[in-house]
Amino acid sequence: MNIAITGSDGFLGKNFYVFLKYSSKHKIFLINKTTSKKNFINILSISDIVFHFAGSNRENKKEYFIKNNIKLTEEILKILEQKQSSTKLIFASTSQVENKNVYGISKVKAENILLKRKFKKKIQVLILRLPNLFGKWSKPYYNSVISTFCKQAVLNKPLKIHEEKIIKFLYIDDIIKFLFSIIKKKTKNKIINKFSGEVKISLSKLKYTIENFKNLKDDEIPNQISNKFIKNLYSTYLTFVDLKNIKKKLKSHKDHRGNFVEIIKNKKFGQISYISIKPGKTRGSHFHMTKTERFYLLEGRVKFIFKNLYNNRFYSKVLDTRDFEFVCTIPGTLHKLINTEKKDAKLIIWSNEIYDNKNHDTYSVNF
């Protein structure tokens with residue numbers, strides 16, 4: 001199938017093109033401001049489906065909205081009407097059509113052109129009244145307040161709210177998956193104004209959340225990372241971080257037994273750490289009242305010894321990298337790890353809570 005994307009160098013166009021390129025075998029043709037008139041006509045003439053994303057949303061002069069939102073739509077229709085075969089046209093409109101601003105009015109006029117025109121040839125029209133989109137490759141001070149806040153936070157600039165309000169947002173990947181799903185579907189001439197994944201949030205809460213991202217320590221991730229919107233928001237925030245700053249230094253706690261490094265901390269998820277144990281050395285020799293841990297061996301061979309504090313029963317388990325197993329510690333059970341090999345043992349640990357030196361759940365006992 002031949003697919004044309006207008007506005008291919010814009011936020012939505014870039015994301016959709018990359019997704020199609022690496023997840024489908026469709027032939028993709030790009031239209032943007034650099035496309036010649038000849039290529040513009042040729043691409044539309046051979047396309048089975050046209051995703052019309054091009055348009056103006058933040059211009060200073062009214063004539064730009066007329067040219068890029070209304071006249072461009074008319075020009076596309078004129079070319080599609082001359083085709084011998086039918087075409088599906090997906091038009092990216094906006095939820096701001098209800099506003100009385102120049103942008104909203106120009107989009108309404110473009111919609112009316114698509115829905116009311118009597119086509120000489122069969123053209124299926126689907127109009128998408130999109131809310132505020134956010135995600136990777138969005139442009140600060142242009143596409144979304146989210147991209148603006150993220151950019152300001154990364155640069156340690158103040159995040160300013162000029163007018164408090166609640167805004168509806170949609171993550172870029174959610175709309176892209178929707179667009180991909182309709183490529184092979186039959187569509188009727190209609191308007192869609194509700195999309196799966198939409199989230200409403202106040203600007204003050206959005207500001208607070210993004211500022212928290214900025215204040216995270218190197219070994220921390222957002223506490224609400226399991227929330228889909230927070231996860232997508234954090235991913236968007238990271239796209240504004242300079243690649244030079246993606247490498248972070250973790251604290252290393254070395255002693256005669258080996259090394260201990262706290263990698264990731266999260267109040268709801270817990271903590272992921274790394275430990276190494278020198279040959280013949282022992283780590284642990286403690287128990288937890290509530291805390292539980294999972295040990296996965298990366299290198300070496302380790303013997304675990306357990307003692308139940310309630311019935312004094314002993315149990316041992318050898319962990320070897322060849323077995324692809326993990327060991328889980330049980331609350332109220334003493335445990336220690338012994339490196340029985342002649343080289344360092346290396347392990348990854350997950351615990352269901354963050355270690356707090358002032359209020360810990362670790363009690364040392366020699367056994």
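How much space lies in the second largest pocket? About 760 Å³, where a pocket is an open set of points on a 1 Å grid over the protein atoms alone, fitting a 1.4 Å probe, with protein on both sides within 12 Å along at least five of seven lines.

This is a predicted model: local features need pLDDT of at least 70 and side-chain atom pairs pLDDT 80 or more, while totals for chains, interfaces and linings use all residues. Residues are numbered from 1 along each chain as its sequence is written, and side-chain values use heavy atoms, without hydrogens or water.

Start by selecting Leu216, Glu220, Ile221, Pro222 and Asn223: of the 30 lining residues, these sit closest to the pocket's centre (lining means an atom within 4 Å of a point). Colour the lining by class and you get 12 nonpolar, seven polar and 11 charged residues.

Helix 7 gives the lining its largest share, five residues.

Now show the side chains of Leu203, Leu206, Thr209, Ile210 and Phe213, the buried residues of helix 7 (under 20% relative accessible area, with exposed being over 50%, 1.4 Å probe, protein chains only). They cover an arc of only 125 degrees around the axis, so they share one side of helix 7.

Last stop: bring up helix 5 (145–154), strand 7 (166–171), strand 9 (199–202) and helix 8 (228–238), which the buried residues of helix 7 pack against.

Note on methods: Helices (H or I, at least four residues) and strands (E, at least two) are DSSP runs, numbered from the N terminus. The arc is that of the directions from the helix axis to the C-beta atoms. Contact means heavy atoms within 4.5 Å. Grid points are joined across faces, edges and corners, and a volume is the space filled by probe spheres set on the points. Ala, Val, Leu, Ile, Met, Phe, Trp, Tyr, Cys and Pro count as nonpolar, Asp, Glu, Lys and Arg as charged, and the others, Gly among them, as polar.
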